[in-house]
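The sequence and the structure come first.

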Amino acid sequence: MTTKTIVHVLRHGEVHNPEKILYGRLPGYRLSELGVQMAKAAAQAVAEKDVTYVVASPLERAQQTASPIADQFGLPIAVDERLIESGNFFEGKRVGAGDGALRDPRNWWVLRDPVTPSWGEPYTAIASRMFAALMAAREAAEGHEAVCVSHQLPIWTLRRHVERRRLWHDPRKRECNLASYTSFHFEDAKIVGVAYSEPAAHLVAMSPGARDAKGA
């Protein structure tokens, strides 16, 4: 008999980042007040689901986003290091358009290879660890549903890997908004479908520039 499992991979909510830097894996970056509301909206979206396992990246913003989901199901929040944000050379720097580190010629060599990419953790490494985390969550929630809280680039890379698309891409075209779900549907250990939803879209609309929030 086929066992059906769903693993919902959730991007965290908006982060308080007045300096507008690429915060990456830096500690201390927590959800903004609006981000907390996004986390609550994401929790409400799965309130009627059969969630038996909640796991998150170790970073504060992911743990905070997982909290209302875990609370409503009376579950602990497991931690999986494989769900962490990707490594990036520009971590801790301002990298906005016409801004900061990207204007410094001394940094241009870092941008030489967009395929690997040269400025950060290889896409292949991100895909490998995220897929392993996905399968571990499926096993932990087998026959039920799981929620994994992670970050934009790792989630988008995982989706492209599962859909057998090339991993390098235009960051402006990622379908992975704040507090969005990318849901992987399994029959036994086989992925049979991928769905996407944005339960906090009404809140994201209140956050100028949130779609390209740095260090997501």
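Buried means under 20% relative accessible area, exposed means over 50%, and partly exposed lies in between (1.4 Å probe, protein chains only). The model is predicted: local features need pLDDT of at least 70, side-chain atom pairs count only at pLDDT 80 or more, and totals for chains, interfaces and linings use all residues. Residues are numbered from 1 along each chain as its sequence is written, and side-chain values use heavy atoms, with hydrogens and water left out.

**Aromatic residues**
- Three aromatic pairs occur in the structure; rings of Phe, Tyr and Trp (its six-membered ring) pair if their centres lie within 6.5 Å, with planes under 30 degrees apart counted as stacked, over 60 as edge-to-face and the rest as tilted.
- Tyrosine 23 and tyrosine 29 are stacked, because their ring centres lie 4.9 Å apart and their planes are at 20°.
- Both tyrosine 23 and tyrosine 29 are buried.
- Phenylalanine 89 and phenylalanine 90 pair edge-to-face, at 5.1 Å centre to centre and 90° between the planes.
- Phenylalanine 90 has 4% relative accessibility and so counts as buried, whereas phenylalanine 89, at 33%, counts as partly exposed.
- One aromatic cluster is formed by Phe89, Phe90 and Trp109.
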